[in-house]
Amino acid sequence: MATTTKTAAKKTADAATKVASEIDTEIKALEMPDVMSFSSAADWAESAKEQFETMMSSFTGNFDDMRTQAENLAETAQARMKRVQDHAAKTNACLMEAAQEEMTSAVQFASDLGKAKTFADALSVQQSYWTKVLENRMAHARTLTESSVETARETMTPMETPFANMKAFEKFFAFPAKA
């Protein structure tokens, strides 16, 4: 019976040693830091702080340049709008002048038509009136076309977007260089 007790005790001791060995292996596995995670909250907080400081320094460093470029862009847009307004005023003046000329011409046509004695005189007055109207309209159309082309050329040039060339995100998002 003593032998049975010794064998049972040895089996229990071997099982306990085996369980203790497995527990030690599991503890060692838990103690090894995972490469993909942070080993402690302090490491995570430090990493987050460094990333935030990098982001803020990259934004702050380029803020003055971005503000200057935005102000220049706004001034350019304002100057373009002023030129469009000037050309619109010029176009309106041209259209008013054309309307006045046509009204004056129409009154003169009615007066000349009333003075006509024969049918041939009436046809001659009408021919000269319509010739003058069409010539004036063509001249005004040419002037308006030139004015609108000039306006488009001055105001519709592409806006340069200097923000696309800013290096504000370069430090924060470090992408590998293209080969």
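Threonine 143 comes out as partly exposed, with a relative accessible area of 38%; buried here stands for under 20% relative accessible area, exposed for over 50%, and partly exposed for what lies in between (1.4 Å probe, protein chains only). The residue sits in helix α3, where helices (H or I, at least four residues) and strands (E, at least two) are DSSP runs numbered from the N terminus. In space, threonine 143 is 8.9 Å from threonine 91, C-alpha to C-alpha, although 52 residues separate the two in sequence. Asparagine 92 belongs to helix α2 and, at 48% relative accessibility, is partly exposed.

A word on the basis of these values: this is a predicted model, in which local features need pLDDT of at least 70 and side-chain atom pairs count only at pLDDT 80 or more, while totals for chains, interfaces and linings use all residues. Residues are numbered from 1 along each chain as its sequence is written, and side-chain values use heavy atoms, with hydrogens and water left out.

As for the overall layout, the chain has three helices and zero strands, giving the pattern α-α-α along the sequence. Of its 179 residues, 9% count as buried. The chain exposes about 14800 Å², and carbon and sulfur atoms supply 62% of that area; accessible areas come from the Shrake-Rupley method with a 1.4 Å probe, and for residues only the protein chains shown count as cover. Among contacts (heavy atoms within 4.5 Å) between residues at least 6 apart in sequence, 83% join residues at least 24 apart.

Histidine 140 is one of the buried residues, with a relative accessible area of 14%. It lies in helix α3, which covers residues 119-155. Leaving aside residues up to four places away in sequence, histidine 140 touches Cys94, Glu97, Ala98 and Glu101.

Now for the charges. Side chains of opposite charge can pair when their charged atoms come close. The structure holds two salt bridges, each defined as a side-chain nitrogen of Lys or Arg within 4 Å of a carboxyl oxygen of Asp or Glu. One of them joins arginine 137 to glutamate 102, with the closest N and O atoms 2.6 Å apart. Arginine 137 is in helix α3 and glutamate 102 in helix α2, so this pair ties together parts that are 35 residues apart in sequence. Both partners are partly exposed, arginine 137 at 46% relative accessible area and glutamate 102 at 25%.

The other salt bridge links aspartate 86 and lysine 82, whose closest N and O atoms are 3.2 Å apart. Here both residues lie in helix α2, four residues apart, or about one turn of the helix. Aspartate 86 is partly exposed at 41% relative accessible area, and lysine 82 is partly exposed too, at 47%.

On the surface, Asp43, Glu46, Glu50 and Glu53 gather in a patch of negative charge. Such patches are made of residues with over 30% relative accessible area and no salt bridge, like charges being joined within 9 Å and nonpolar side chains (Val, Leu, Ile, Met, Phe, Trp, Tyr) within 5 Å. Lys and Arg count as positive and Asp and Glu as negative, with His and the chain ends not counted, and the place of a charge is taken as NZ of Lys, CZ of Arg, CG of Asp or CD of Glu. Glutamate 53, one of the patch members, is found in helix α2 (residues 41-115) and is partly exposed, with a relative accessible area of 45%.
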